[in-house]
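Please keep the structure open as you read.

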Amino acid sequence: MTKLLEMKNLNVRFKGKRTVHAINDVSLSMDQGETLALLGESGSGKSVTLKTLLGLLPPKRSQIDGSIHVNGVDIMSLRGRALQRYRGGEVSMVFQEPALALDPVYTIGHQIAESVMRHKGVDKANAMSTALDMLDRVRIPSANRRLHNYPHELSGGMRQRVMIALALACRPRLLLADEPTTALDATVQIQILLLLRELQKEFGMGVIFVTHDIGVAVEISERVAVMYAGQIIEEGTTHEIIRDARHPYTQGLLAANLHDVARGERLSAIPGAPPALEARPDSCPFAPRCPVAMPECRADLPPMLAPGDRRRVACLRAAQPIAAE
Amino acid sequence: MAMADSTTLPTPEKVEKSKGYWSGVGHRLVRDPLTMFCLAVVAALILSAAFAPYLGLADPYKGSMIARLKPIGAPGYPLGTDEQGRDMLARLIYGGRLTLFIGLMPVVIAFFAGSVLGITAGYVGGLTNTIIMRTIDVFFAFPSVLLAIAISGALGAGITNSLVSLTIVFIPPITRVAEAVTSGVRKLDYIDAARATGANAWTVIRVHVIGNVLSPIFVYATSLTSVCMILAAGLSFLGIGVRPPEPEWGLMLNTLRSVIYVNPWLSALPGVMIFVTSLCLNLLSDGLRSAMNVRD
């Protein structure tokens, strides 16, 4: 079976008044129907990775190198019609802010139907009944009435359900979810996560779930890839990442939670801020903030170690305990 | 799990017909008495002007030396006569034809031209934007009245030339509004979202950009109609617009100016028409703005 996603040595640079090295040598692969969480803080390149996957970056200002294959198709070479069929048909996306990602002047039914008509070539009436079916599938009550509502007439959670219905209407093989629960409150968050998980099983599609919330990542995904400064620094199954985080950054992320903290005690955090990406990192980008950094860390990029099957970590320290024994 | 009971799919029901955008706008308009009143006044003015020949009015061009400057309410002349003895009622209604035409046409043309320019500049951006917007900025160096007078003066008096000069005056402000709204919309997520569902550039512009920018541009343009009417009347008043003996409110205001001490009420009549029309157009545009806004 062909891999759902095969990303090799992806580099994205934004040119302009100053150059930003947003993505540096990212490789990623996914099997069919797999759920992967891309975990990282703001500016670590999560959203850029997703936008690159859909070819949404402004072509004039961005320079993209490397190769991306989705279901064996090289998407970097897609142009015109083929690209439009790929976007929304093969891969689609759920945006962070449902309030901004739905067009305010059209009813939600119209917006879902528009996408269905484009991809399936059916008439308006058929597309509308598909839209109705999708609203039912994302558990929107009295969908028939909601179909003719404008986005501002719906609540935040409801809008995100609509956004999911819109993204799934054409049965994509891969769903990109860009922090879909960040703009929602906690009780709605968990409903949306459960819904996404159910729909993922129902449709058997792959999901890349971008988040900065490690709890959300654990809830939804089978595998986790941690991004820092435009690189993937650690990848493994969710279990491996939780039980056996090797990279000091991942360990720091896991330690920075609210559990087991006594009242009045300071919460543990990773000191410092991520580096500005104006130059391509030539040493470990985490070294300045790393509690266990060694001189070697500042000399060269750390090698990618592979302690297990589809398990990798970019840290010199990760190899050490084994070497010490 | 909370949602487990609702996981069974209901059988697909038949899709109800949607009410549509314009019927919603109509509903909100009907519930706004002031806007409806203004709409009625404007409609009455336009209809009476359009059907003036069938209203059984006196000939607006035929003067009479013995019936000059009859006061308002004189027998046979409900609104009196002007300085050449021509029936004022007929001249005011016939005058509406030219005044409304010159007042509305430039805005209509400028609405299309300005929208095309502004949306292009706003969506394409970069060098195209710079070229269009800096050219437009040149026109902002002159006050609109002065610009209209200068262009009309250069082209010479006449209806066509007034139309041309007023159109040129109104393209820049409409372009600027269109550009501002479009470049705001272009950055929003739903444009990216539309592209992410496979819409091509043309669909994105036609459906998502124009759908969102057209109503603010339209409302802005309606607010310009009253300004345009006053400018057109001003051009005629200055003698570089419509030429006598054509009935036109601005021109009538000018010719009746000389008799303001003889019969002040009479000379105020064309001004009242201009005032009422522009006020109603302004209030109408306010009402439209709130009725066309589906967001709140």
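I108(A), Q111(A), I112(A) and S115(A) of helix 4 of chain A meet V162(A), A165(A) and L166(A) of helix 7 of chain A. Being in contact here is a matter of C-beta atoms, placed from the backbone, lying within 7 Å. Helices (H or I, at least four residues) and strands (E, at least two) are DSSP runs, numbered from the N terminus. This is a predicted model, in which local features need pLDDT of at least 70 and side-chain atom pairs count only at pLDDT 80 or more, while totals for chains, interfaces and linings use all residues. Residues are numbered from 1 along each chain as its sequence is written, and chains are lettered from A and ligands numbered from 1 in the order in which they are written.

By class, the contact of helix 4 of chain A with helix 7 of chain A holds five nonpolar, two polar and no charged residues. For these classes, Ala, Val, Leu, Ile, Met, Phe, Trp, Tyr, Cys and Pro count as nonpolar, Asp, Glu, Lys and Arg as charged, and the others, Gly among them, as polar. Axes are lines fitted to C-alpha atoms, for helices over the stretch in contact, and angles run from 0 to 180 degrees between N-to-C directions.

| Helix pair | Axis distance | Crossing angle |
|---|---|---|
| Helix 4 (residues 108–120) and helix 7 (residues 156–168) of chain A | 9 Å apart | about 20° |
| Helix 2 (residues 33–50) and helix 10 (residues 264–292) of chain B | within 8 Å | roughly 135° |
| Helix 4 (residues 126–140) and helix 6 (residues 159–186) of chain B | within 9 Å | roughly 135° |

With that angle, helix 4 of chain A and helix 7 of chain A are roughly parallel to each other. Angles under 35 degrees count as roughly parallel, over 145 as roughly antiparallel, 65 to 115 as roughly perpendicular and the rest as oblique. The crossing of helix 4 of chain A and helix 7 of chain A is right-handed. A crossing is left-handed if the near helix is turned anticlockwise from the far one by less than a right angle, and right-handed if clockwise.

In chain B, the axes of helix 2 and helix 10 cross at roughly 135°, so helix 2 of chain B is oblique to helix 10 of chain B. Their crossing is left-handed. Helix 2 of chain B brings L34(B), T35(B), C38(B), L39(B), V41(B), V42(B) and L45(B) to the contact, and helix 10 of chain B brings V276(B), T277(B), C280(B), L281(B), L283(B), L284(B) and G287(B). This contact has eleven nonpolar, three polar and no charged residues.

The axes of helix 4 and helix 6 of chain B likewise cross at roughly 135°, so helix 4 of chain B is oblique to helix 6 of chain B. The crossing of helix 4 of chain B and helix 6 of chain B is left-handed. Here M133(B), I136(B), F139(B) and F140(B) from helix 4 of chain B meet P172(B), T175(B), R176(B) and E179(B) from helix 6 of chain B. The contact of these two helices divides into five nonpolar, one polar and two charged residues.

**Domains of chain A**

The domain assignment of chain A gives domain 1 (5–90 + 172–313) and domain 2 (99–171); such bounds come from an automatic or database domain assignment. Taken over C-alpha atoms, the centres of domain 1 and domain 2 of chain A are separated by 29 Å. Their contact takes 14 residues from domain 1 of chain A and 14 residues from domain 2 of chain A. On the domain 1 side, helix 8 (residues 186–203) of chain A gives the most, with seven residues. That side of domain 1 of chain A divides into eleven nonpolar, three polar and no charged residues.

**Where the chains meet**

Notes: Two residues are in contact if their C-beta atoms, placed from the backbone, lie within 7 Å.
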